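Student: I have a structure open and would like to learn how to read it. Could we go through a few features together?

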Amino acid sequence: MTTTRAVLSAGSNIGDRLGHLNSVVERFADDLVAVSPVYSTPPWGGVEQEDFYNITLIVEGRRGPYEWLTIGAELEQAADRTREVRWGPRTLDVDVITVSEGDEVVRSDDPRLLLPHPRAAERAFVLIPWLVIEPDATLWTPDGTQPVAALVDRIDPSECAGVVPVAQLPVARRR
Ligand SMILES: Nc1ncnc2c1ncn2[C@@H]1O[C@H](COP(=O)(O)OP(=O)(O)OP(=O)(O)O)[C@@H](O)[C@H]1O
Ligand SMILES: Nc1nc2c(c(=O)[nH]1)N=C(CO)CN2
C-alpha cells in the first residue's frame, strides 16, 4: 500500500460539537501531521442554521484516498449523522479536501470521491484553518494550482471575518 497525505475538513453544528471533532482527532491520532485550532464558522451554503465548529487536519499514512473517505464516513455514522437537507445541520461531516502521493496530487472524478474537493476553494471554513497549519499550502483547481492564501483573499471578507478560533483540541499525537 502506498503512503498518501490527505487534508481533511471536519465540521459539526449539532450537539457536542467539540466532542464530535475530538472523535476525528482521536481516530487519526497515529496519522496526524497537524491539526488546526477549532474555529467557529458561519454556515456556508445558504441554509439558515447554527454556526459550525470546524477543524482542518493533515494526515499521512499507508492508506489509499478511499480509505480516508471511509474512515470519515465511519466517524459520521458513529456521531449518528442524519442527512435531511443538503448543506444543512449535521452532528459531524468529514470531507476529504485533497490527497497527494509524494509530489503527485490525486485527481478523481468519481462521484463517491471527487478530488480535490470541488467546493474547497471557496470555503473559508476549510482554507483559513488549513493556512494556520500549512501557510504555504497550495490547492489544485480547474484554473490551475493556487496558493491557499490567494484563494482566501478571493473570499468575501465578511465570510472570513466570521471564522474565529475558539479552542484547541488536546492532541494525543503518537507519531
Ligand atoms: N472529497 C469528498 N469528501 C467527502 N465526501 C465526498 C467527496 N467527494 C464526494 N463525496 C461524496 O459526497 C457524498 C455526500 O456527502 P455529504 O452529503 O456530506 O455532502 P456535504 O459534505 O454535505 O456537501 P459538500 O460535498 O458540498 O461538502 C458522500 O457520500 C461522499 O461519497
Ligand atoms: N461553516 C460551515 N458550513 C458548512 C459546512 C461546514 O463544515 N462548516 N459543511 C457543509 C457541508 O459540507 C456546508 N456548510
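Tutor: Gladly! Of the 13 residues around ligand 2, the nearest are Thr41, Pro42, Trp44, Asn54 and Asp93. Keep in mind that this is a predicted model.

Student: Which polar side-chain atoms lie by a nitrogen or an oxygen atom of ligand 2?

Tutor: For polar contacts, we look for pairs of N or O atoms within 3.5 Å. Here, threonine 41 has a polar side-chain atom 2.8 Å from a nitrogen atom of ligand 2, and aspartate 93 has one 3.0 Å from an oxygen atom of the ligand. In aspartate 95, a side-chain N or O atom is 3.4 Å from an oxygen atom of ligand 2.

Student: How much of the 340 Å² that ligand 2 exposes when taken alone does the protein bury?

Tutor: The protein buries 97% of it.

Student: And which residues come nearest to ligand 1?

Tutor: There are 16 residues around ligand 1, and Trp87, Arg90, Leu114, Arg119 and Arg123 come nearest. On its own, ligand 1 has 620 Å² of accessible area, and the protein covers 80% of that.

Student: At what angle do helix α1 and helix α2 pack?

Tutor: Helix α1 (residues 17-27) and helix α2 (residues 65-78) pack at about 145 degrees, with axes 10 Å apart. Ser23, Val24 and Arg27 of α1 meet Ile71, Glu74 and Leu75 of α2. By type, the residues of this contact are 3 nonpolar, 1 polar and 2 charged.

Terms used. Residues numbered from 1 in each chain as written. Chains lettered and ligands numbered in written order. Predicted model: local features only at pLDDT ≥ 70, side-chain atom pairs only at ≥ 80, totals over all residues. Heavy atoms only, no water. Axes fitted to C-alpha atoms, helices over the stretch in contact; angles between N-to-C directions. Helix = DSSP H or I, 4+ residues; strand = E, 2+ residues; numbered from the N terminus. Contact = heavy atoms within 4.5 Å. Nonpolar A, V, L, I, M, F, W, Y, C, P; charged D, E, K, R; others polar. Near = heavy atom within 4 Å. Areas by Shrake-Rupley, 256 points an atom, 1.4 Å probe, with all protein chains shown as cover. Polar contact = N/O pair within 3.5 Å; in protein donor to acceptor, adjacent residues only side chain to side chain.
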